[in-house]
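Here is a short briefing for a first look. Keep the sequence and the model side by side as you read.

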Amino acid sequence: MAGGFFIGPKDSKHREDKRGDKMRQAGLSGSSEPSGDSAGECLVMKFGGTSVQDAGAIRRLCELVKRALPQHPVVVVSALAKVTDQLMNSGWAAAQGHLDEAREILQLLQQRHQAVAAGLLGGDECTRVCLEFDREFDALAAVSSRLAWEKAFPPHAQDQVLGVGESLSSKLVHAALQSVGVNAALVDARRCIVTDAAHTRATPLWADTHEQLQAVVAPLLHSGLTPVMGGFVGATRDGMPTTLGRGGSDFSASIVGAGLRARRIEIWTDVDGVMTTDPAVCPDARRVARMSFDEAADLAYFGAKVLHPATLIPAMRGNVPVWVLNSRNPDCCGTEIVAHCESDGQVKAITAKRGVAIVDIEPIRWFAPELLREVFDVFERHQHSLELLSASRGSLALLVSSVTALPSIAEELKGLANVRWENHKALVCLVGEQIRRRPELASRAFRAIDDIDVRMICQGASERNISFLVDESRVIEAVQRLHRSFFSAPLSETAIEVSSSQAMCQAEGMWQ
Ligand code: ADP
Ligand code: ASP
Ligand code: MG
């Protein structure tokens, strides 16, 4: 197999340059650095879907925010668990002509939000909030009728519909915080997060966003209020609603944290922190006490759902530490993600990205550098990002996470190269600073899965990760076996790190 080189996260050797690249990728470059005009030492607390899923979860959120009041929190919330999926289903049902089904989904959503409000708020306040919900759902009903008429649910309409989930949850959380005596101020995130017009996967325009955060959120903090805003959503300069991609509330929190120069960003979720692998796949996964921005960015990029892939970009830029914490187990000290983290060359975590396809590009005559340029150009024209690339004398192999544009790409390359692809692959990735310098780790990994067909191994491009492709049907087994090999007893150094840090954390308390 030819040596691969990387399209994904970059090598720490070139950290500064490559961070510049990441910033540009995320549209965060630009003349306006977050500077001295910030809100100062605030704390950003982001609560994911399960951390606001019902009245009990929102009560726990209120307790956490109250305890953090001396640190001037800014609260960023996701939609209630599963609401975004249901809004998406209602939109598609309407677009496919099933208007009754669309309305029924919306009705159930409205009832759920009303029930949560009733569980949290007293009579008048509950009535006021439910009236606001009525307005949102009336608007959604009008959009459904339009989608049914147009028989389509285009990206700009998806942004309009999906963003309502965060608007509803932020109103609920705002009212709940006020009801427990927190002086909360509701902020429309669409006034603060200014993005380009790439609907469903918008990129923030940093300078505008920074300016808006300073103009809208910083004065609230200065007046001693606790701003509450929805994650995930933004708007273009001319006010068109956009979203930052699924799971994007983590990214919102980081954008807000960097823009306000927060002292830290807390991502409150349903697990104890970043774990050695997805605990849904390996229930014995362990919490990682500390990791670097780069390690966490690689994990997120290679599929660990606990963080949106772009989350670390603004945090790195502003050098704001990120903590991943469990809202159901707040006394656990979670995972601290910082710029630099001492490294012992151990694997910190294992992740996998499913739904990957491998594309083989075979030149018709010979392999020339022009072909490489043409391939990059054609993928860019189709806005098709590459996960990994491997080149050899005779051919080119690429990994992509969507096959929709491949037929047109193959058509455009006709005459230059034959393009074939295979679906249903998964990219498994081991992450840890400097693991490439420990060749025995790769041999240990391949021993653990020696009967699984492995393709496209990549360990040259980054100091920090080793990745390889397997059939999607075997990915769970592969991750479980790798996890057993790297993290089962006797205690690995990672486990020691976890336990000593846990003891320290318990001794010092959570909110140092
Ligand atoms: P939230 O709704 O709070 O944003 P998500 O569902 O997006 O939460 O992310 C949390 C989930 O991420 C966990 O429940 C877990 O199953 C999954 N996950 C995947 N990989 C990891 C990992 N390495 N560490 C922790 N959680 C992980
Ligand atoms: N609610 C959005 C989603 O489900 C964003 C988020 O939860 O981070 O994708
Ligand atoms: Mg999430």
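Which side-chain atom lies 3.1 Å from an oxygen atom of ligand 2? An N or O atom in the side chain of Ser-78 does. Bear in mind that this is a predicted model. The protein chain averages a pLDDT of 87.

**Ligand 2: contacts and cover**

- The residues around ligand 2 are Ser-78, Thr-84, Glu-166, Phe-232, Arg-246, Gly-247, Gly-248 and Ser-249.
- By class, this shell holds one nonpolar, five polar and two charged residues.
- Thr-84 places a polar side-chain atom 2.7 Å from a nitrogen atom of ligand 2.
- Ser-249 takes part through its backbone: an N or O atom there lies 3.0 Å from an oxygen atom of ligand 2.
- On its own, ligand 2 has 260 Å² of accessible area, and the protein covers 86% of that.

**Ligand 1: contacts and cover**

- Ligand 1 is surrounded by 16 residues.
- The closest of them are Thr-269, Asp-270, Met-275, Asp-278 and Lys-305.
- Sorted by class, the shell of ligand 1 has seven nonpolar, five polar and four charged residues.
- Lys-305 has a side-chain N or O atom 2.8 Å from an oxygen atom of ligand 1.
- Lys-46 also faces an oxygen atom of ligand 1, with a polar side-chain atom at 3.2 Å.
- Val-306 uses its backbone, where a polar atom is 3.4 Å from an oxygen atom of ligand 1.
- Ligand 1 has 570 Å² of accessible area on its own, of which the protein covers 86%.

**Confidence along the chain**

- A pLDDT of at least 70 is reached by 87% of the residues.
- Residues 1-37 stay under 50 in pLDDT.
- For residues 1-37, the model has 95 contacts beyond four places in sequence.
- Residues 491-512 also have a pLDDT under 50.
- The model gives residues 491-512 a count of 35 contacts beyond four places in sequence.

**Cysteines and disulfides**

- A disulfide is a covalent bond between the sulfur atoms of two cysteines.
- How many disulfides does a search of the whole structure find? The search finds zero.
- Are Cys-62 and Cys-282 buried or exposed?
- Cys-62 has a relative accessible area of 3%, so Cys-62 is buried.
- Cys-282 counts as buried because its relative accessibility is 4%.
- The cut-off behind both calls is a relative accessible area under 20%.

Definitions and conventions. Residues numbered from 1 in each chain as written. Chains lettered and ligands numbered in written order. Predicted model: local features only at pLDDT ≥ 70, side-chain atom pairs only at ≥ 80, totals over all residues. Heavy atoms only, no water. Near = heavy atom within 4 Å. Polar contact = N/O pair within 3.5 Å; in protein donor to acceptor, adjacent residues only side chain to side chain. Areas by Shrake-Rupley, 256 points an atom, 1.4 Å probe, with all protein chains shown as cover. Nonpolar A, V, L, I, M, F, W, Y, C, P; charged D, E, K, R; others polar. pLDDT = per-residue confidence, 0-100. Contact = heavy atoms within 4.5 Å. Disulfide = S-S within 2.5 Å. Buried < 20%, exposed > 50% of the residue type's maximum accessible area, 1.4 Å probe, protein only.
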